[in-house]
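Hi there,

Here is the structure I promised to pass on to you.

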Amino acid sequence: MFIDSHCHLDFPELVERKDEILAKMAENQVDTALCISVKLETFPNVLALAKAHAHLYASVGVHPDNEDVDEPDVARLVELANDPKIVAIGETGLDYYWHKDAPEWQRDRFRVHIRAARETRKPLVVHTRSASDDTLRLMREEGADVPGGVMHCFTESQEVARAAMDLGFYISFSGIVTFKNAKELKEVARYVPLDRMLIETDSPYLAPVPFRGKTNEPGFVKHVAEHIAELRGIDVETVAERTSENFKTLFRIGL
């Protein structure tokens, strides 16, 4: 069975088809998914999905791209993370691709999330884009190795992967790894040890081949696993088993 470690089932493209989405998860042997929070205003919807379905879990956090939203502090995140269905802090991190001015408010927000993760001992879900040096620097400065976490939708270099793993983080691959032009990322997928790897969809975005360009959904995560298995010359069952074990270990589910 496969696990989608990062999806956005509360987004309109998916929540309007919730019953169909959940049925397709079952058809494709995807037995668990983590629904990711991107702002506090919509966090109740994310939590409600997780509480309504035994095989769904949730995170709490504010995405680094979101401006003019309810800004969290450590105490608020800790309070919201108290629900047993909340297994992670995030999605958090830095994104200088969309914010080329590298704003200080992004770094401040990231520090808040790391501190909340340290206090709750719940792992971080980290987004980094065109900001790997600062992302790793803040992770080191704030002690992100204490709660650990995952570098989600990984698109960085092998060196960045190694630095993150040295901090105890897992590396999660999305449908991007199936894209023909993602040659460097394919090498990273060969490099990362199976015991440090997760798989995800980041749905409704980044649908894997053969669904590229369409609305993504958790049921498609098996195509990510199949591609990684092909890259590594192993069977897909091994990828499914190891990444599922890693998910449960990281997020302390069923342990």
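First, the ground rules. This is a predicted model, in which local features need pLDDT of at least 70 and side-chain atom pairs count only at pLDDT 80 or more, while totals for chains, interfaces and linings use all residues. Residues are numbered from 1 along each chain as its sequence is written, and side-chain values use heavy atoms, with hydrogens and water left out.

Let me start with helix α9, which runs over residues 221-232. Helices (H or I, at least four residues) and strands (E, at least two) are DSSP runs, numbered from the N terminus. The 12 residues of α9 reach 17 Å from first C-alpha to last, close to the 16 Å expected at 1.5 Å a residue (that is, 1.5 Å times one less than the number of residues). Val221, His223, Val224, Ala225, His227, Ile228, Ala229 and Leu231 of α9 are buried (buried means under 20% relative accessible area, exposed over 50%, partly exposed in between, with a 1.4 Å probe and protein chains only). Their cover includes strands β1 (2-7), β2 (30-35), β7 (169-173) and β8 (197-199), together with helices α8 (183-191) and α10 (236-250); contact here means heavy atoms within 4.5 Å. Just after α9 comes Gly233, with a positive phi of about 70°.

One of those covering helices, α8, crosses α9 at roughly 75°, and the two axes come within 9 Å. Axes are lines fitted to C-alpha atoms, for helices over the stretch in contact, and angles run from 0 to 180 degrees between N-to-C directions. The pair α8 and α9 is therefore roughly perpendicular (65 to 115 degrees; under 35 is roughly parallel, over 145 roughly antiparallel, and the rest oblique). On the α8 side, Lys186, Ala189, Arg190 and Tyr191 meet His227, Leu231 and Arg232 of α9. That contact divides into 3 nonpolar, 1 polar and 3 charged residues, where Ala, Val, Leu, Ile, Met, Phe, Trp, Tyr, Cys and Pro count as nonpolar, Asp, Glu, Lys and Arg as charged, and the others, Gly among them, as polar.

Helices α6 (residues 132-141) and α7 (residues 158-166) pack at about 10°, with axes 11 Å apart, so they are roughly parallel. Ser132, Leu136 and Arg140 of α6 make this contact with Val160, Ala163 and Ala164 of α7, a set of 4 nonpolar, 1 polar and 1 charged. In α7, Val160, Ala161, Ala163, Ala164 and Met165 are buried, and what covers them includes α6, β6 (149-151), β7 and α8.

- Thr243 sits in α10 and counts as buried, at 3% relative accessibility.
- Ser174, in the loop between β7 and α8, is buried at 2%.
- Ala207 and Gly168 are 39 residues apart in sequence and 28 Å apart in space, C-alpha to C-alpha.
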